[in-house]
Amino acid sequence: MAEFGDNKSAFNPPVAAWKEAGISRGGGGEPVSNGNCTVSDTAVKRVQSESGSESPTWESAGSDSASKTIPRRSSLIKDGSRAGRERKKTVSFSSSLSEKKISSAADCIHAMVEGSELKKVRPNSRVYHRYYLLDTGLQALCWEPSKKESDKARISLASVREVRTGRNTETFRTSGVYEQISEDCAFSIIYGEMYESLDLVANSAEVANIWVTGLRYLMQYGKHALDMLASSQDSLRLGWLEQLFSSATDSDKQEDSVEGIDLHSAVKMIQSVNPGVSSSKVEHRFKELQRVREKMGVLALNNGSGLKDYSENKAGKTGRNEQVTKQEFIEVFHDFCTRPEIYFLLVQFSSNKEFLDTKDLMRFLEAEQGMAQVSEETSLKLIQSHEPSEEGRQQGFLSLDGFTSYLTSTECHLFDREHDTVFQDMSQPLSHYYINSSHNTYLIEDQFRGPSDISGYIRALKMGCRCVELDVWDGADDEPVVCTGHTLSPPLILHCVLEAIRRFAFVSSDYPLILCLENHCSLRQQKVMLQHLLRILGDKLFTDVPDEGESYLPSPQALKHRILLKGKKLGLCWDAEDGDVSEEDEGAEMCQRMKAANSGGAGLGGCEKDTVQKNVSFVAVTQSSPPHLPPKRFQLLTRLSDLVALCCSVRFIDFPTSSKSQKPWELCSIHESLAVRLAGENPGDFVNHNKHFLTRVYPSPMRVDSSNMNPQDLWKCGCQIVSMNFQTAGLMMDLNTAWFRQNGNCGYVLRPAIMRQEVSYFSADTRDTVPGVSPQLLHVKVISGQNLPKPRGSGAKGDVVDPYVYVEIHGIPADCSERRTRTVTQNGDNPIFDESFEFQINLPELAMVRFVVLDDDFIGDEFIGQYTIPLECLQPGYRHVPLQSLTGEELPHAKLFVHVALTNRRGGGKPHKRGLSVRKARKGRDYTALRDLGVRAVDEVFKMAAPQLREATDLRENMQNSIAVFRELCGVSAVANLMQCVLALSSRVSGPDGTPLLVFDLRDLYPTLEPQGLLPDVLRRVVSTYEMMVQASRAVIEHSDGIYDRILHIQTTAMEFHEKLQTMAAKEGLKGRKVSRALESFSWNITILKGQADLLKHARAEVQENMKQVHDAALAGNLTKEGRGVQRVRSQTRRGPDDKPTTSMRGPSA
């Protein structure tokens, strides 16, 4: 079944009556040519009634291509086949002049007068195709065909109470076709005394936006809409453009010049506003416009403003630069600098004005962008920074161009700038952090014959790497060298490498740098190596002997500006000058494999590095691996051994052995294949091992081409040091680079709490919810793209692309997912996607979001750009995503425009059908269960927690469910917060005399909603639902403290058994596997208790924030009792730089 919203609708050209009404585009008498984001002026035939037109239809809801299943595309391995494609790649430098961009309410109403086909959804789930349009007097909405008489197939605009976006009415929610309806294409018209709804679905999100914008404008201005449109034709923009043009005219003017500006100056002015557009496209558009007008014989476009006729202008161009008239400049400016998706957003918050005032902007910043501590002064300051017109700055208005400037600025970057600096706790043990690590840092290509260069170290250190590798071998003239043994890669002189490391070690980060020293030198050259280390690195080397009684390593904070050597170490009290240790040789296995491959006739030609990241089959590798030989032994200089303090290399045997004998300062290095096997066979043991000890994982010996493993496969097990080949770009390095940006790019990221706690349960291969962690719903709407370049390796001529976007989630197995948008054909300048996706995130602390833009009609290469970001760094609201190339450089002016929201699990998703509430009865509610250990005394303690956990779950679920029901009745989407709910409510509660039928009394901590007279049924339901929400919220505040304390008391009591649990299990007769299960169950139960206590604390904070949002929204929406003198309470949706999080459960804030 095809999905709604896959086809774009077209509108008919302007009618003569419209021009006679005095409404025009761009301030001139001619239609404005408007670029790529289109509503076509090509006429479309209206759908006439057929014999079967009264029956519900669904098959035609989408195009043929849309009805086909979109194949899953991997960003790792690309399928180059395009079987069945008939569309050819074409070269184009501009869009047709018949295409229009929507940039005003006049454009929207114009399109509505001509009408479009919409789908009408009925309560019985039937869907009817109808042709909807405004009557010529702009007084009613009409539709055809219909069995109804013409006077009944219409709704008077005077009876419309609200225009609601999305699938947010009872009809939509209970519809059997809910899942097939695009959220972005649906809208509803609420009308009449009984608040009836007309539920419609457009063929594209842009068409839906046109209807919503136009209807809201007509609701506000009614019969005066024509006068308003004629008098306020975006005067801010036109005034600014005229001033801009005049200043350019003055600077270009010469004695014999015609009035106007030269083509080069006009192009430069447009590029100053939209720097991503190419000069050739702008120049081509000017010339195309002039050719069309010459052919039409247009003379004297606007003599009143002093412009000369076209023929005179043309005749005067001989021997000088071509000239551009004011009208031509304004029209082409509209083409290239108008983004309809931003215009629709502007009018949504501007009360249907063509600009935002300070109050509108303040509401947008708080409700959508999640900003705290916003005032009108904040809004005014922002307007002064971004509004281009002097008139707008003086009056405190933000025009469409100013709003576009703000949304494309760094302030609206998807990445939260708070993460540009170190903000995590850096005082925890070193083993509690992920550490940015490089493998064979000196190599800049493949592992066998590629060149070596000191630049490898410099680049890695500048990128925030905190663990680099030195393989040191005997060199000529008693000078140790750095290289991979047994290979053809040229060596580097050791002292040169050390000097580069000293110079750049702390350029990007102050936190400790680990040097992985793989020592293959003779004793003679070890002495030279020792001298170089002491002379060059000197006092930066950390050599303090660790305390035998310590259970953890020092913290990064305590080791700032220190260099740690990782290597082999003799005993702590070794007296001899040297001693015998096992040799580390990570390159030996690779060398053996290469020799075997070469002897079998397979040359290195098949190992060339690809531009796209490769996957390696580890099953085949494991099966073909020869048995591991005992490690070689070599003599280690004692003084060199003494330089190794906190990162002593030991061989990994198994987890029980490590648990018994490994010291905190001892580190195991294991290769990727073994690490992946351990993660699959013993995921829980692997996580527990890494709570105390550092684990370094290096790439499989089979990765001769320097390809990379997926670091998240190891991060989910808690492995701190996952060594990456920094020289190889692709998905894996994108993940690594983005992951370490989240803490000021200092090279250290604190691991999730569940991986650090002494007693906690977490399995790395979990494919379900994580115990003690509340799942989150990530809502992502991909709205549009800007200035998308042709793929770098494309063999196609021209610069046309057919872009589509993948949104990928990377994390634990339960979170990994990807969704794709439709393809927008032949538009890289401003493709409109308007598609929404939803992802459940079970472990937010380890999740990453990746946007990948690809070309669907490529030749040779399809990759356009990508951007990867940790979930913790996402800023909510409307954001721009700067795209990066395959090698990580930012693509000039290439962006995605998205909307992002993060809600709790109960807050989103599809409600139950047929009018059932989203609330669950208690008997149907899922409660987290504690496990029996088989140890009577401990089980008795945990049984005391069962009623407390049920009560805590009921408090949270009741509160969250009541909010979900209130949100539904307010007619907003599942991603809306309570501020947005109340603001939406404020637009529909006006009585006949304009006074609100509902007002809030804000004197109490919990604002009350009071009727002001007789209410219709729908508003009575709103009041009762709001009272239920307040009641549930009050219960959380009043009872959470006591439950929280009792849960923590039970947890503390249970922890007293932790140290003696094995002994108690033995006394109960438990042996072998049963003891292990008892220990695992104990960790599970402790994790559940702590997690439920934390969730209860978060629920309390959520209630406080919700009440603040209701308070502030009631003031902003003028829904308060008069004369109360209430004071505005700042919501804390996102903390400001001076705000600190509340850690106490006690004391609700006012």
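This is a predicted model: local features need pLDDT of at least 70, side-chain atom pairs count only at pLDDT 80 or more; totals for chains, interfaces and linings use all residues.

Trainee: Take F364 and Y878: what makes the pair stacked?

Mentor: The ring centres of F364 and Y878 are 6.3 Å apart and the planes meet at 25°. A pair needs centres within 6.5 Å, and stacked needs planes under 30 degrees apart, so F364 and Y878 qualify as a stacked pair.

Trainee: Why do you say the pair of F364 and Y878 ties parts together?

Mentor: F364 lies in helix 13 (residues 358-367) and Y878 in strand 31 (residues 877-884), so the pair links parts that are 514 residues apart in sequence.

Trainee: How do you know whether F364 and Y878 are buried or exposed?

Mentor: Buried means under 20% relative accessible area. F364 has 0% and Y878 has 13%, so F364 counts as buried, and so does Y878.

Trainee: And F966 with Y1026, what is that pair called, and why?

Mentor: The F966 and Y1026 pair is tilted, with 5.6 Å centre to centre and 55° between the planes. Stacked needs under 30 degrees and edge-to-face over 60, and the rest count as tilted, so 55° gives a tilted pair. F966 lies in helix 30 (residues 946-969) and Y1026 in helix 32 (residues 1017-1055), so this pair ties together parts 60 residues apart in sequence. Both F966 and Y1026 are buried.

Trainee: Which residues do ring pairs link into a cluster?

Mentor: F349, F364, F403, Y878 and F897. The charged end of R339 also sits over the ring of F897, 5.2 Å from its centre.

Trainee: Where does R741 lie?

Mentor: R741 lies over the face of F415, at 3.9 Å from the ring centre. The distance part of the rule asks for CZ of Arg within 6 Å of the ring centre, so 3.9 Å meets that part.

Trainee: Switching to helix 18 (residues 494-504), why are its buried residues said to be on the same side?

Mentor: The buried ones are L494, V497, L498, A500, I501 and F504. They cover an arc of only 160° around the axis, which puts them on the same side of helix 18. Their cover includes helix 17 (455-462), strand 13 (467-473), strand 16 (513-519) and helix 19 (523-537).

Trainee: What makes the phi of L138 worth a remark?

Mentor: Most residues other than glycine have a negative phi. L138 is not a glycine, yet its phi is positive, about 55°. L138 is in the loop between strand 4 (127-134) and strand 5 (140-144), and with 6% relative accessibility L138 counts as buried. Y195 also has a positive phi of about 55° without being a glycine. Y195 is in the loop between strand 8 (186-191) and strand 9 (196-201), and at 12% Y195 is buried.

Trainee: Why is G549 called exposed?

Mentor: Exposed means over 50%, and G549 has 61% relative accessibility, so G549 counts as exposed. G549 is in the loop between helix 19 and strand 17 (563-567).

Trainee: Last one: why is T171 called buried?

Mentor: T171 has a relative accessible area of 11%, which is under 20%, so T171 is buried. T171 is in helix 4 (residues 170-173), and its contacts, leaving aside residues up to four places away in sequence, are V121, R122, P123, S197 and D199.

How values were computed
Residues are numbered from 1 along each chain as its sequence is written. Side-chain values use heavy atoms; hydrogens and water are left out. Buried means under 20% relative accessible area, exposed over 50%, partly exposed in between (1.4 Å probe, protein chains only). Helices (H or I, at least four residues) and strands (E, at least two) are DSSP runs, numbered from the N terminus. The arc is that of the directions from the helix axis to the C-beta atoms. Contact means heavy atoms within 4.5 Å. Rings of Phe, Tyr and Trp (its six-membered ring) pair if their centres lie within 6.5 Å; planes under 30 degrees apart count as stacked, over 60 as edge-to-face and the rest as tilted. A charge sits over a ring if NZ of Lys or CZ of Arg is within 6 Å of the ring centre and within 35 degrees of the ring normal.
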